[in-house]
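Please look through the structure shown here before reading on.

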Amino acid sequence: MIPWLARRLLWSLLMLVLLMTMVFAIVRLAPGDPLDAGAAESVDARERQLLRERLGLDEPLAGQYVRWVSACLRGDWGLSLRQQRPVADVVGEAVGPTLLLTLTAYLLHLALAVLAAVAMAAYRGRFIDHLVGGAGLVLLSLPGFWLGLMLLLLFARQLGWFPAGGLQSVDAALLPAGARLLDLLRHLALPAATLALGSYMGTARYVRAALDEAMGQEFILAARSRGVSERRLLWRHALPHALLPLITLAGLHLPQLLGGAVVVEVVFGWPGLGRVSVEAIGARDYPVIMATTFLSAVLVTAGSLLADAGYRRADPRVRLTGPGTP
Amino acid sequence: MNELLRLSGLTVGFAGAALPVLRGLDLELAEGEAVALVGASGSGKTLLARAALGLLPPEAWQQGQVNWRGVEARLAPGGWGALRGRGLTWLPQEPLSGLNPLLTVGAQVSEAARQHQGLGHQDALRFTVDLLAELQLPSPMELLYAWPHELSGGMRQRVLLAAALACGPELLIADEPTSNLDTTVQRDLLAVLDRARRARGMALLFITHDHDLVPLVADRCVEISDGRLVERVSGRHAHEGARAPHTVRGAAPRLVPGNAAPALSARALVVRHGAAESVPAVAGVDLDLWPGRSVGLVGESAAGKSSLARALAGHLRPSSGVVSVGCVAAGSDRGAAARAARRRVQMLFQDAGASLNPRQRVGDTLIEAAGAAHPGMVSRLLAEVGLDEALAMRHPHALSGGQRQRVALARCLATDPAVLIADEPTSALDGGTRARVLELLTRVMVTRGLAVLLVTHDLDTALSFCDELLVMHSGLIIERAPAASFALLRHPHSRRLLDCRPAALASTSGWRDAPAAPAPAGGRPFSGCPLAGACPLQNASCFKELPPLAELAPGRWLRCPPASELPPPQFIDTI
């Protein structure tokens with residue numbers, strides 16, 4: 001396990017370095033720079049040139065890269081060009097909300113997927129199977145922002161059950177701890193539901209196919225011949241087989257959810273990484289773009305690493321084989 | 001005796017098939033009765049078992065009645081589901097796929113105990129431990145928390161039996177429970193099953209393709225043929241004085257080793273599947289195969305037979321040692337000469353269906369193997385293996401099991417080999433087909449002067465086909481003798497293999513008295529004789545060093561000093 005982990009970590013590190021280099025080059029080669037995007041029209045060309053020199057934007061790309069890397073290695077992510085605050089602060093504030101949103105959404109996504117899959121497998125070929133499958137497919141094919149807007153219209157505007165956006169109410173700081181948590185959860189509900197509802201069907205179809213396959217195995221027939229009830233066969237005997245590959249799938253889902261979170265954060269005004277990076281890209285705020293990209297990449301890499309390690313722990317057959325075997 | 005299960009006019013077929021598989025079949029089974037159901041593969045034995053359990057596959061249809069204690073099972077209170085477990089239950093054929101790989105042994109066995117014996121969690125676990133101990137499983141407490149993949153085949157099958165017995169069934173339907181086990185393991189499982197059945201007064205429907213097992217397990221035997229059952233005379237005595245193995249060895253004179261070079265020879269061959277310090281699967285084997293002669297390699301599963309066969313055929317790279325074909329070292333060398341040498345060694349696999357490309361027509365397979373298309377080559381090859389040349393246009397799925405094995409043989413012959421290595425070529429085939437394929441192999445061997453190595457766990461097959469026997473254990477050859485005088489085999493392990501053949505067991509009384517505990521999975525490193533510790537002849541020196549393979553008499557070699565000092569075996573030949 002340990003040499004395996006060391007090898008995986010090394011590969012992840014290499015991938016991160018490659019990715020950051022590519023992103024560094026791409027954002028700088030793209031047309032426009034921070035001054036075009038951020039500075040007022042009134043600033044004339046000479047002043048712009050001066051500013052560029054001060055920010056080091058007139059240097060060759062390689063020189064800028066070396067400077068950026070050496071600063072990063074010293075733990076200095078630089079200043080946000082737009083907000084004139086340290087990048088670490090800007091991004092640090094956004095990581096928490098994004099993690100909260102994506103992890104909640106993922107748990108919801110899993111719960112919905114498993115419930116839907118078991119329901120479809122239990123009523124295989126009957127009305128409930130088609131109903132659950134059809135509804136899920138409709139949700140899956142809706143664009144995320146539209147689904148979010150519709151939920152907003154219905155639950156926030158028409159019914160008024162949930163707040164329309166933001167991380168917490170304006171007066172949250174004054175509330176007692178319990179009420180503050182409830183307030184946070186109420187704000188979390190719609191964006192998390194949007195993310196989960198829009199994506200759970202993919203996983204559910206996967207789990208359902210795996211359930212069907214497991215239910216066709218001989219050990220299920222043997223357990224059935226011992227009088228084990230159908231419900232127990234499904235939940236206790238077959239479901240673990242369908243959940244095992246889900247651990248690996250989770251590693252692939254994390255980037256998808258992070259990507260979906262960008263749209264949802266914008267729609268619901270959720271102060272997370274997604275919104276920060278969208279704004280940073282608009283303003284060509286290079287240091288912030290680099291930092292958010294780096295953080296997302298770390299999250300994705302860590303997610304797939306955790307998923308692989310989790311799979312190795314969860315499957316007794318894989319657990320016992322030595323390092324080097326997949 | 002009260003009637004337990006009655007099938008009347010049972011007809012089962014598959015949608016779209018022309019003929020139903022079971023056609024108006026009747027069967028009665030009384031309380032406590034043990035019945036053997038014999039049939040060839042494809043005769044519908046398993047379908048009958050599943051019909052009795054109400055667990056037919058969804059694509060099958062059924063007519064006729066299944067009655068349980070006089071009531072039609074479908075209409076019984078609670079339906080079939082209420083009967084399964086307490087009433088009747090099933091012991092599947094394949095011990096690995098019959099157990100859920102993601103549930104521990106304890107979870108799978110105690111589940112049935114909780115449900116059918118009304119026990120709480122702790123009591124069910126205690127009940128499970130007692131049951132595992134009753135079935136002679138070693139350290140049952142630890143076994144509770146073991147995963148199925150950690151167990152050997154014999155242990156898995158006993159765990160499955162424990163799970164079935166935990167239901168407290170009145171009838172156990174055992175569906176070929178031993179056909180994937182070694183004969184030694186089979187004997188112990190049958191003994192355990194028989195004792196458990198008698199202790200409970202449980203009825204048994206034992207499904208098998210092997211007539212020799214009938215007297216060991218059942219009072220009564222029915223045979224399935226043409227979708228109906230035919231009653232056979234009282235099982236226990238039907239096969240008394242079992243037949244001699246039908247010999248297919250040709251009468252043609254064989255070349256005597258000594259006057260020619262061996263077609264293939266291996267020296268000090270070692271094969272490891274893991275790291276350099278792992279227990280070798282083949283631990284130093286010397287072997288010669290001579291043109292026109294067949295050598296039978298027998299032994300239990302995990303003895304290293306297949307690893308040796310694959311290394312000889314060049315499919316596995318040996319860790320050390322030399323394989324030479326003709327006079328060219330073929331094993332580890334690159335280059336055209338070694339490649340050509342390896343082409344002279346062909347391998348015939350157990351699962352001929354899986355060894356043929358499903359998308360390739362038979363003719364194309366043969367042309368590809370030959371490397372070039374000569375006019376008439378395909379039909380000549382097919383004729384040589386006794387197939388019609390019209391089959392050349394077929395795909396493998398349109399062939400029967402026997403035909404596939406013949407096509408696989410023709411593919412081997414297409415390269416004009418000198419050596420044929422057959423790894424369990426007939427163990428997936430039924431009795432009649434098996435004998436015909438062995439006869440074909442003999443004919444081809446004699447006419448082409450092929451050197452043949454037949455790998456098998458079935459001693460009877462080896463005895464009927466081979467000129468010489470090699471007995472393997474733990475990667476070593478422990479005995480080598482002419483097949484004709486197999487009765488003189490001396491090694492304690494060889495004797496055990498001989499004695500555990502069902503045909504030999506039937507005339508031995510008391511074989512079910514002391515079933516041995518199944519061996520655990522995985523090999524152990526050893527310094528002395530691999531069998532030391534479980535051998536009646538062992539002495540102190542057996543533990544110290546590996547005994548050499550010593551020549552007792554011309555052509556007879558033995559790796560057991562204590563056995564070689566015994567007088568020649570004096571026993572009543574049961575064959």
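A residue is called buried if 20 or more other C-beta atoms lie within 10 Å of its own, exposed if 12 or fewer do, and partly exposed in between. The model to which this is applied is a predicted one. B:Asp212 has 17 other C-beta atoms within 10 Å, and is therefore partly exposed. In chain B, B:Asp212 belongs to the loop that runs between β8 (203–208) and α8 (214–217). From B:Asp212 to B:Gly555 the sequence separation is 343 residues, while the distance in space, taken from C-alpha to C-alpha, is 31 Å.

The same cut-offs can be applied in chain A. There, A:Leu258 is part of helix α11 (residues 230–268). Because 23 other C-beta atoms lie within 10 Å, A:Leu258 counts as buried. Leaving aside residues up to four places away in sequence, A:Leu258 touches A:Thr102, A:Ser296, A:Leu299 and A:Val300. One of these, A:Val300, stands 42 residues from A:Leu258 along the chain, and the C-alpha atoms of the two are separated by 8.5 Å.

Two helices of chain A deserve attention next. Helix α5 (residues 87–122) and helix α13 (residues 286–314) of chain A pack with their axes 10 Å apart, at an angle of about 40°. The two helices, α5(A) and α13(A), are therefore oblique to each other, and the crossing in which α5(A) passes α13(A) is right-handed. To this contact α5(A) brings A:Val87, A:Val90, A:Val91 and A:Val95, whereas α13(A) brings A:Pro287, A:Val288, A:Ala291, A:Thr292 and A:Leu295. By residue class, the contact of α5(A) with α13(A) consists of eight nonpolar residues and one polar residue, with no charged residue.

It remains to consider how the two chains meet. Chain B gives 26 residues to the contact and chain A gives 15 residues. On the side of chain B that touches chain A, the elements that give two or more residues are β6 (88–91), α3 (105–117) and α6 (153–165) of chain B. Of this side, the largest share, four residues, comes from α3(B). When the residues of the side of chain B that touches chain A are sorted by class, 13 are nonpolar, nine are polar and four are charged.

Definitions and conventions: Residues are numbered from 1 along each chain as its sequence is written. Chains are lettered from A and ligands numbered from 1 in the order in which they are written. This is a predicted model: local features need pLDDT of at least 70, side-chain atom pairs count only at pLDDT 80 or more; totals for chains, interfaces and linings use all residues. Two residues are in contact if their C-beta atoms, placed from the backbone, lie within 7 Å. Ala, Val, Leu, Ile, Met, Phe, Trp, Tyr, Cys and Pro count as nonpolar, Asp, Glu, Lys and Arg as charged, and the others, Gly among them, as polar. Axes are lines fitted to C-alpha atoms, for helices over the stretch in contact, and angles run from 0 to 180 degrees between N-to-C directions. Angles under 35 degrees count as roughly parallel, over 145 as roughly antiparallel, 65 to 115 as roughly perpendicular and the rest as oblique. A crossing is left-handed if the near helix is turned anticlockwise from the far one by less than a right angle, and right-handed if clockwise.
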